[in-house]
Amino acid sequence: MRAVNLLSEKQIRAAKPLEKSYKLADGSGLYLYVSPTGGKSWRYDYRFAGKRKTLTYGSYPHVPLKLARDRHASARQLLSEGIDPAAQKQLDKRQDALKKQQSELTFEVVARDWYQTQQSANAERTRTSILGRMNLHILPAIGKIPFSDITFENFRDIVRNLETHGKYEMARRVANIITQICRHAKLNQWAEFNKAEDLTRILQKRPLDDKKGLPAITDKDGVATMLRRIHTYVSANKSSTYMQAALCLYPLTVQRAQELVMATWDEIDFDNTVWHCPAKHMKGNKAHDIPLSRQALNILQELKNFRTSNPHIFPSGSKLGHITGESVNKAMHLAGIPKGQMCLHGWRKVFSTLAHEAGAPTMLIEKSLAHVSGDDVARAYDKSRHIEARRVLLQWWADYLDSLRDGTEPPRLELERTAMFA
(Lines give C-alpha, C1' and ligand atoms only; values in the text may rest on other atoms or scores of the structure.)
Protein backbone atom coordinates (compact mmCIF):
# COMPACT_ATOMS: atom_id res chain seq x y z
CA MET A 1 0.00 0.00 0.00
CA ARG A 2 1.38 3.37 -1.04
CA ALA A 3 2.16 5.79 1.76
CA VAL A 4 -0.07 8.86 2.05
CA ASN A 5 -0.16 12.07 4.14
CA LEU A 6 3.61 12.23 4.30
CA LEU A 7 3.92 15.99 4.79
CA SER A 8 3.25 18.17 7.80
CA GLU A 9 2.61 21.91 8.05
CA LYS A 10 5.98 22.27 9.78
CA GLN A 11 7.82 20.58 6.90
CA ILE A 12 6.01 22.72 4.36
CA ARG A 13 6.84 25.99 6.15
CA ALA A 14 10.47 24.88 6.52
CA ALA A 15 10.91 24.17 2.80
CA LYS A 16 13.38 26.72 1.39
CA PRO A 17 13.98 27.62 -2.27
CA LEU A 18 17.03 26.12 -3.98
CA GLU A 19 18.76 26.90 -7.27
CA LYS A 20 16.43 24.45 -8.97
CA SER A 21 12.82 23.67 -8.33
CA TYR A 22 12.01 20.52 -6.39
CA LYS A 23 9.06 18.46 -5.16
CA LEU A 24 7.92 17.33 -1.72
CA ALA A 25 5.65 14.29 -2.06
CA ASP A 26 2.59 13.87 0.15
CA GLY A 27 1.55 10.55 -1.35
CA SER A 28 -0.96 9.28 -3.93
CA GLY A 29 0.56 11.61 -6.51
CA LEU A 30 0.03 14.84 -4.56
CA TYR A 31 3.16 16.93 -4.13
CA LEU A 32 4.29 20.43 -3.17
CA TYR A 33 6.22 22.17 -5.94
CA VAL A 34 8.84 24.62 -4.60
CA SER A 35 10.23 27.08 -7.18
CA PRO A 36 13.63 28.84 -7.05
CA THR A 37 11.81 32.10 -6.26
CA GLY A 38 10.23 30.60 -3.13
CA GLY A 39 6.74 29.98 -4.52
CA LYS A 40 4.97 26.85 -3.30
CA SER A 41 2.07 25.20 -5.12
CA TRP A 42 0.15 21.93 -4.89
CA ARG A 43 0.26 19.74 -7.98
CA TYR A 44 -0.72 16.35 -9.34
CA ASP A 45 0.78 14.62 -12.37
CA TYR A 46 -1.47 12.09 -14.06
CA ARG A 47 -2.27 10.53 -17.44
CA PHE A 48 -5.60 10.81 -19.23
CA ALA A 49 -6.42 9.43 -22.67
CA GLY A 50 -2.76 8.57 -23.13
CA LYS A 51 -1.51 12.08 -22.39
CA ARG A 52 0.49 13.30 -19.42
CA LYS A 53 -1.13 16.21 -17.61
CA THR A 54 -0.53 18.32 -14.52
CA LEU A 55 -3.32 19.62 -12.31
CA THR A 56 -2.65 22.55 -9.97
CA TYR A 57 -4.69 22.89 -6.78
CA GLY A 58 -3.47 26.32 -5.75
CA SER A 59 -0.56 27.97 -3.96
CA TYR A 60 0.50 27.57 -0.35
CA PRO A 61 -0.42 29.03 2.17
CA HIS A 62 -3.56 30.26 0.34
CA VAL A 63 -4.44 26.58 -0.04
CA PRO A 64 -3.42 24.84 3.20
CA LEU A 65 -2.44 21.20 3.43
CA LYS A 66 -5.89 19.85 4.38
CA LEU A 67 -7.65 21.68 1.53
CA ALA A 68 -5.02 20.45 -0.95
CA ARG A 69 -5.66 16.86 0.16
CA ASP A 70 -9.42 17.32 -0.17
CA ARG A 71 -9.05 18.70 -3.70
CA HIS A 72 -6.69 15.90 -4.58
CA ALA A 73 -9.14 13.27 -3.36
CA SER A 74 -11.90 14.82 -5.47
CA ALA A 75 -9.64 14.84 -8.54
CA ARG A 76 -8.71 11.18 -8.10
CA GLN A 77 -12.39 10.29 -7.73
CA LEU A 78 -13.18 12.03 -11.04
CA LEU A 79 -10.28 10.22 -12.71
CA SER A 80 -11.61 6.88 -11.48
CA GLU A 81 -14.95 7.76 -13.11
CA GLY A 82 -13.27 8.47 -16.43
CA ILE A 83 -13.48 12.25 -16.13
CA ASP A 84 -10.47 14.49 -16.77
CA PRO A 85 -10.09 16.55 -13.55
CA ALA A 86 -8.29 19.39 -15.37
CA ALA A 87 -11.10 19.72 -17.91
CA GLN A 88 -13.66 19.57 -15.08
CA LYS A 89 -11.77 22.33 -13.26
CA GLN A 90 -11.99 24.58 -16.32
CA LEU A 91 -15.69 23.78 -16.69
CA ASP A 92 -16.28 24.65 -13.03
CA LYS A 93 -14.46 27.95 -13.53
CA ARG A 94 -16.64 28.83 -16.51
CA GLN A 95 -19.79 27.94 -14.60
CA ASP A 96 -18.68 30.02 -11.61
CA ALA A 97 -17.95 32.94 -13.93
CA LEU A 98 -21.36 32.51 -15.56
CA LYS A 99 -23.08 32.47 -12.17
CA LYS A 100 -21.21 35.62 -11.17
CA GLN A 101 -22.16 37.31 -14.44
CA GLN A 102 -25.78 36.30 -14.00
CA SER A 103 -25.88 37.62 -10.46
CA GLU A 104 -24.47 40.95 -11.66
CA LEU A 105 -26.79 41.07 -14.70
CA THR A 106 -29.83 42.28 -12.81
CA PHE A 107 -33.10 43.30 -14.41
CA GLU A 108 -32.11 46.94 -13.85
CA VAL A 109 -28.84 46.48 -15.77
CA VAL A 110 -30.73 45.03 -18.73
CA ALA A 111 -33.42 47.72 -18.50
CA ARG A 112 -30.89 50.57 -18.44
CA ASP A 113 -29.03 49.07 -21.40
CA TRP A 114 -32.31 48.79 -23.35
CA TYR A 115 -33.19 52.38 -22.50
CA GLN A 116 -29.79 53.74 -23.57
CA THR A 117 -29.55 51.79 -26.83
CA GLN A 118 -33.16 51.58 -27.98
CA GLN A 119 -34.72 54.84 -26.82
CA SER A 120 -32.10 57.36 -27.94
CA ALA A 121 -33.98 58.11 -31.19
CA ASN A 122 -37.26 58.92 -29.44
CA ALA A 123 -38.40 62.42 -28.55
CA GLU A 124 -37.30 63.73 -25.17
CA ARG A 125 -40.88 63.69 -23.94
CA THR A 126 -41.22 59.99 -24.77
CA ARG A 127 -37.88 59.12 -23.18
CA THR A 128 -38.80 61.00 -20.03
CA SER A 129 -42.14 59.23 -19.75
CA ILE A 130 -40.59 55.79 -20.24
CA LEU A 131 -37.83 56.47 -17.72
CA GLY A 132 -40.37 57.72 -15.21
CA ARG A 133 -42.50 54.58 -15.55
CA MET A 134 -39.44 52.36 -15.20
CA ASN A 135 -38.25 54.16 -12.08
CA LEU A 136 -41.68 54.34 -10.48
CA HIS A 137 -43.40 51.06 -11.34
CA ILE A 138 -40.80 48.49 -12.48
CA LEU A 139 -37.33 48.88 -11.01
CA PRO A 140 -38.32 49.29 -7.34
CA ALA A 141 -40.10 45.91 -7.54
CA ILE A 142 -37.66 43.78 -9.58
CA GLY A 143 -34.65 45.93 -10.46
CA LYS A 144 -32.19 44.18 -8.13
CA ILE A 145 -33.22 40.63 -9.06
CA PRO A 146 -30.73 38.78 -11.35
CA PHE A 147 -32.29 38.58 -14.79
CA SER A 148 -31.82 34.80 -14.83
CA ASP A 149 -34.01 34.54 -11.70
CA ILE A 150 -36.81 36.74 -13.02
CA THR A 151 -40.08 34.90 -13.64
CA PHE A 152 -43.29 35.74 -15.46
CA GLU A 153 -44.98 35.95 -12.05
CA ASN A 154 -42.77 38.95 -11.17
CA PHE A 155 -44.12 40.82 -14.20
CA ARG A 156 -47.68 39.70 -13.58
CA ASP A 157 -47.58 41.04 -10.00
CA ILE A 158 -46.52 44.49 -11.25
CA VAL A 159 -49.36 44.89 -13.75
CA ARG A 160 -51.92 43.32 -11.41
CA ASN A 161 -51.00 45.85 -8.73
CA LEU A 162 -51.64 48.71 -11.16
CA GLU A 163 -54.94 47.20 -12.27
CA THR A 164 -56.01 46.76 -8.64
CA HIS A 165 -55.65 50.52 -8.22
CA GLY A 166 -57.66 51.18 -11.38
CA LYS A 167 -54.61 52.18 -13.44
CA TYR A 168 -55.47 50.07 -16.48
CA GLU A 169 -53.78 52.29 -19.07
CA MET A 170 -50.59 52.52 -16.99
CA ALA A 171 -50.61 48.73 -16.62
CA ARG A 172 -50.70 48.42 -20.42
CA ARG A 173 -47.85 50.88 -20.88
CA VAL A 174 -45.72 49.23 -18.20
CA ALA A 175 -46.38 45.77 -19.68
CA ASN A 176 -45.17 47.01 -23.08
CA ILE A 177 -41.98 48.40 -21.55
CA ILE A 178 -41.26 45.12 -19.74
CA THR A 179 -41.90 43.13 -22.92
CA GLN A 180 -39.46 45.30 -24.89
CA ILE A 181 -36.79 44.96 -22.18
CA CYS A 182 -37.13 41.16 -22.24
CA ARG A 183 -36.96 41.12 -26.02
CA HIS A 184 -33.75 43.16 -25.76
CA ALA A 185 -32.33 40.55 -23.37
CA LYS A 186 -33.13 37.75 -25.79
CA LEU A 187 -31.56 39.56 -28.76
CA ASN A 188 -28.39 40.11 -26.72
CA GLN A 189 -28.34 36.41 -25.71
CA TRP A 190 -28.78 37.24 -22.04
CA ALA A 191 -31.89 35.04 -22.06
CA GLU A 192 -33.01 32.11 -24.20
CA PHE A 193 -36.49 33.53 -24.73
CA ASN A 194 -38.63 36.59 -24.06
CA LYS A 195 -39.86 36.01 -20.51
CA ALA A 196 -42.63 38.58 -20.89
CA GLU A 197 -43.85 37.45 -24.30
CA ASP A 198 -47.45 36.88 -23.17
CA LEU A 199 -47.64 39.64 -20.57
CA THR A 200 -49.95 41.92 -22.55
CA ARG A 201 -52.37 39.00 -23.07
CA ILE A 202 -53.23 38.80 -19.38
CA LEU A 203 -54.07 42.49 -19.03
CA GLN A 204 -57.54 43.15 -17.70
CA LYS A 205 -59.94 45.33 -19.65
CA ARG A 206 -61.09 48.54 -18.08
CA PRO A 207 -64.60 48.02 -16.63
CA LEU A 208 -67.37 49.48 -18.79
CA ASP A 209 -68.36 51.91 -16.04
CA ASP A 210 -64.78 53.08 -15.70
CA LYS A 211 -64.25 54.35 -19.27
CA LYS A 212 -64.77 57.99 -18.48
CA GLY A 213 -61.23 59.12 -19.10
CA LEU A 214 -59.16 61.06 -16.62
CA PRO A 215 -61.13 62.64 -13.76
CA ALA A 216 -62.01 66.33 -13.98
CA ILE A 217 -64.29 68.74 -12.12
CA THR A 218 -65.94 70.78 -14.87
CA ASP A 219 -68.88 72.55 -13.22
CA LYS A 220 -68.33 76.26 -12.58
CA ASP A 221 -68.78 76.10 -8.81
CA GLY A 222 -66.35 73.21 -8.57
CA VAL A 223 -63.79 75.02 -10.73
CA ALA A 224 -64.15 78.16 -8.59
CA THR A 225 -63.51 76.13 -5.44
CA MET A 226 -60.39 74.56 -6.95
CA LEU A 227 -59.00 77.94 -7.97
CA ARG A 228 -59.56 79.36 -4.48
CA ARG A 229 -57.84 76.39 -2.86
CA ILE A 230 -54.84 76.74 -5.15
CA HIS A 231 -54.72 80.47 -4.37
CA THR A 232 -54.81 79.78 -0.62
CA TYR A 233 -52.15 77.06 -0.91
CA VAL A 234 -49.82 79.28 -2.94
CA SER A 235 -50.36 82.30 -0.67
CA ALA A 236 -49.34 80.18 2.34
CA ASN A 237 -45.99 79.33 0.68
CA LYS A 238 -46.44 75.63 1.36
CA SER A 239 -44.26 74.62 -1.59
CA SER A 240 -41.32 75.95 -3.60
CA THR A 241 -41.60 79.08 -5.72
CA TYR A 242 -41.33 76.95 -8.87
CA MET A 243 -44.08 74.59 -7.76
CA GLN A 244 -46.36 77.50 -6.90
CA ALA A 245 -45.77 79.03 -10.32
CA ALA A 246 -46.44 75.72 -12.07
CA LEU A 247 -49.72 75.27 -10.16
CA CYS A 248 -50.91 78.71 -11.26
CA LEU A 249 -49.57 78.58 -14.81
CA TYR A 250 -50.87 75.17 -15.78
CA PRO A 251 -54.61 76.06 -15.92
CA LEU A 252 -53.78 79.16 -17.97
CA THR A 253 -51.79 77.47 -20.75
CA VAL A 254 -53.92 74.25 -20.91
CA GLN A 255 -50.94 72.32 -22.23
CA ARG A 256 -49.90 68.84 -21.14
CA ALA A 257 -48.03 68.52 -17.87
CA GLN A 258 -44.81 67.23 -19.45
CA GLU A 259 -44.74 70.09 -21.94
CA LEU A 260 -44.93 72.59 -19.10
CA VAL A 261 -42.42 71.08 -16.66
CA MET A 262 -39.82 70.51 -19.42
CA ALA A 263 -40.07 74.12 -20.68
CA THR A 264 -36.86 76.16 -20.81
CA TRP A 265 -36.39 79.90 -20.67
CA ASP A 266 -35.24 80.13 -24.29
CA GLU A 267 -38.70 78.94 -25.37
CA ILE A 268 -40.39 82.06 -23.94
CA ASP A 269 -40.64 85.04 -26.29
CA PHE A 270 -41.41 87.87 -23.89
CA ASP A 271 -41.44 90.50 -26.65
CA ASN A 272 -44.18 88.74 -28.62
CA THR A 273 -45.74 87.07 -25.55
CA VAL A 274 -45.56 83.56 -27.00
CA TRP A 275 -44.29 80.28 -25.62
CA HIS A 276 -42.61 78.35 -28.46
CA CYS A 277 -42.90 74.73 -27.35
CA PRO A 278 -40.47 72.64 -29.45
CA ALA A 279 -41.47 69.46 -31.26
CA LYS A 280 -39.29 67.28 -29.01
CA HIS A 281 -41.52 68.16 -26.05
CA MET A 282 -44.83 67.71 -27.83
CA LYS A 283 -46.90 64.52 -27.87
CA GLY A 284 -47.32 64.67 -31.64
CA ASN A 285 -43.68 65.64 -32.18
CA LYS A 286 -44.84 68.89 -33.81
CA ALA A 287 -43.83 72.34 -32.53
CA HIS A 288 -46.62 74.37 -30.97
CA ASP A 289 -46.89 78.09 -30.17
CA ILE A 290 -48.92 79.08 -27.13
CA PRO A 291 -50.04 82.73 -26.81
CA LEU A 292 -49.44 83.97 -23.27
CA SER A 293 -52.20 85.81 -21.45
CA ARG A 294 -51.36 88.78 -19.22
CA GLN A 295 -51.75 86.54 -16.18
CA ALA A 296 -49.42 83.88 -17.56
CA LEU A 297 -46.88 86.50 -18.58
CA ASN A 298 -46.94 88.05 -15.09
CA ILE A 299 -46.19 84.67 -13.51
CA LEU A 300 -43.23 84.12 -15.82
CA GLN A 301 -41.92 87.68 -15.36
CA GLU A 302 -41.96 87.22 -11.59
CA LEU A 303 -40.38 83.78 -11.85
CA LYS A 304 -37.45 85.30 -13.78
CA ASN A 305 -36.32 86.83 -10.48
CA PHE A 306 -35.61 83.29 -9.26
CA ARG A 307 -33.88 82.12 -12.41
CA THR A 308 -30.80 79.92 -11.90
CA SER A 309 -28.11 78.54 -14.18
CA ASN A 310 -30.48 75.64 -14.86
CA PRO A 311 -32.11 76.27 -18.27
CA HIS A 312 -35.49 74.92 -17.12
CA ILE A 313 -38.19 77.31 -15.98
CA PHE A 314 -39.12 74.90 -13.20
CA PRO A 315 -35.73 73.52 -12.06
CA SER A 316 -35.08 70.78 -9.53
CA GLY A 317 -32.11 68.84 -8.24
CA SER A 318 -33.27 65.58 -9.85
CA LYS A 319 -31.52 63.85 -12.73
CA LEU A 320 -34.18 65.26 -15.06
CA GLY A 321 -33.22 68.80 -14.07
CA HIS A 322 -36.84 69.90 -13.71
CA ILE A 323 -39.85 69.16 -11.54
CA THR A 324 -42.18 66.40 -12.73
CA GLY A 325 -45.81 66.46 -13.73
CA GLU A 326 -46.46 63.93 -10.98
CA SER A 327 -45.07 66.33 -8.35
CA VAL A 328 -47.29 69.17 -9.60
CA ASN A 329 -50.27 66.83 -9.55
CA LYS A 330 -49.42 65.88 -5.95
CA ALA A 331 -49.14 69.54 -4.95
CA MET A 332 -52.56 70.19 -6.44
CA HIS A 333 -54.03 67.48 -4.23
CA LEU A 334 -52.16 68.87 -1.21
CA ALA A 335 -53.91 72.15 -1.94
CA GLY A 336 -57.20 70.39 -1.19
CA ILE A 337 -58.38 69.33 -4.63
CA PRO A 338 -59.84 65.81 -4.22
CA LYS A 339 -57.77 62.99 -5.62
CA GLY A 340 -59.87 60.75 -7.85
CA GLN A 341 -62.12 63.66 -8.81
CA MET A 342 -59.55 65.88 -10.48
CA CYS A 343 -56.07 65.44 -11.89
CA LEU A 344 -53.65 67.90 -13.46
CA HIS A 345 -54.51 66.77 -16.99
CA GLY A 346 -58.16 67.39 -16.12
CA TRP A 347 -57.66 71.15 -16.57
CA ARG A 348 -57.61 70.53 -20.31
CA LYS A 349 -61.08 68.99 -20.05
CA VAL A 350 -62.19 71.92 -17.88
CA PHE A 351 -61.01 74.36 -20.56
CA SER A 352 -62.68 72.43 -23.37
CA THR A 353 -65.98 72.13 -21.48
CA LEU A 354 -66.29 75.74 -20.34
CA ALA A 355 -64.94 77.23 -23.57
CA HIS A 356 -67.52 75.26 -25.55
CA GLU A 357 -70.23 76.47 -23.19
CA ALA A 358 -69.09 80.04 -23.85
CA GLY A 359 -69.47 79.51 -27.62
CA ALA A 360 -65.82 79.07 -28.63
CA PRO A 361 -65.38 77.22 -31.94
CA THR A 362 -64.36 73.59 -31.56
CA MET A 363 -61.54 73.97 -34.07
CA LEU A 364 -60.04 76.82 -32.05
CA ILE A 365 -60.31 74.88 -28.80
CA GLU A 366 -58.68 71.83 -30.38
CA LYS A 367 -55.84 73.93 -31.74
CA SER A 368 -55.32 75.50 -28.32
CA LEU A 369 -55.06 71.99 -26.86
CA ALA A 370 -52.61 71.01 -29.63
CA HIS A 371 -54.90 68.17 -30.72
CA VAL A 372 -54.15 66.77 -34.16
CA SER A 373 -57.26 66.43 -36.31
CA GLY A 374 -58.07 65.48 -39.89
CA ASP A 375 -56.30 63.05 -42.18
CA ASP A 376 -52.71 63.36 -43.40
CA VAL A 377 -53.71 65.38 -46.47
CA ALA A 378 -55.78 67.83 -44.45
CA ARG A 379 -52.97 68.32 -41.97
CA ALA A 380 -50.46 68.86 -44.76
CA TYR A 381 -52.54 71.72 -46.22
CA ASP A 382 -53.63 73.23 -42.89
CA LYS A 383 -50.48 75.10 -41.88
CA SER A 384 -52.23 77.97 -40.13
CA ARG A 385 -51.86 78.26 -36.38
CA HIS A 386 -54.58 80.89 -35.89
CA ILE A 387 -52.41 82.28 -33.16
CA GLU A 388 -54.14 85.66 -32.86
CA ALA A 389 -57.54 84.02 -32.52
CA ARG A 390 -56.12 81.67 -29.92
CA ARG A 391 -54.62 84.67 -28.13
CA VAL A 392 -58.13 86.12 -27.78
CA LEU A 393 -59.44 82.78 -26.53
CA LEU A 394 -56.67 82.21 -23.96
CA GLN A 395 -56.88 85.78 -22.66
CA TRP A 396 -60.63 85.32 -22.20
CA TRP A 397 -59.91 82.03 -20.44
CA ALA A 398 -57.46 83.63 -17.99
CA ASP A 399 -59.94 86.44 -17.23
CA TYR A 400 -62.72 83.88 -16.86
CA LEU A 401 -60.73 81.85 -14.31
CA ASP A 402 -60.04 85.04 -12.35
CA SER A 403 -63.76 85.84 -12.28
CA LEU A 404 -64.63 82.35 -11.04
CA ARG A 405 -62.01 82.54 -8.30
CA ASP A 406 -63.01 86.04 -7.20
CA GLY A 407 -66.76 85.57 -7.63
CA THR A 408 -67.08 88.49 -10.07
CA GLU A 409 -68.97 88.89 -13.33
CA PRO A 410 -67.44 86.59 -15.96
CA PRO A 411 -66.15 88.20 -19.16
CA ARG A 412 -67.91 87.64 -22.47
CA LEU A 413 -66.00 85.82 -25.19
CA GLU A 414 -65.89 88.19 -28.14
CA LEU A 415 -66.65 85.92 -31.07
CA GLU A 416 -66.19 88.56 -33.76
CA ARG A 417 -62.50 87.79 -34.02
CA THR A 418 -62.89 84.04 -33.80
CA ALA A 419 -66.11 83.32 -35.69
CA MET A 420 -64.26 83.10 -39.02
CA PHE A 421 -62.56 79.94 -37.78
CA ALA A 422 -65.72 78.12 -36.72
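Contact here means heavy atoms within 4.5 Å. The structure is a predicted model, in which local features need pLDDT of at least 70 and side-chain atom pairs count only at pLDDT 80 or more, while totals for chains, interfaces and linings use all residues. Residues are numbered from 1 along each chain as its sequence is written, and side-chain values use heavy atoms, with hydrogens and water left out.

Two packed helices are described by the angle between their axes and the distance between the axes. Helices (H or I, at least four residues) are DSSP runs, numbered from the N terminus. Axes are lines fitted to C-alpha atoms, for helices over the stretch in contact, and angles run from 0 to 180 degrees between N-to-C directions. Helix H13 (residues 346–357) packs against helix H16 (residues 387–406) at about 95°, and their axes are 11 Å apart. The two are therefore roughly perpendicular, a term for angles of 65 to 115 degrees. From H13, Val350, Phe351, Leu354 and Ala355 take part, meeting residues of H16 including Trp396, Trp397 and Tyr400. The contact of H13 with H16 comprises 10 nonpolar residues, no polar and no charged ones; Ala, Val, Leu, Ile, Met, Phe, Trp, Tyr, Cys and Pro count as nonpolar, Asp, Glu, Lys and Arg as charged, and the others, Gly among them, as polar.

Attention now turns to a loop. Glutamine 255 is found between helix H9 (241–253) and helix H10 (257–261). This glutamine 255 is buried, with a relative accessible area of 1%; buried means under 20% (1.4 Å probe, protein chains only).

Definitions and conventions:
Parallel < 35°, antiparallel > 145°, perpendicular 65-115°, else oblique. Buried < 20%, exposed > 50% of the residue type's maximum accessible area, 1.4 Å probe, protein only.
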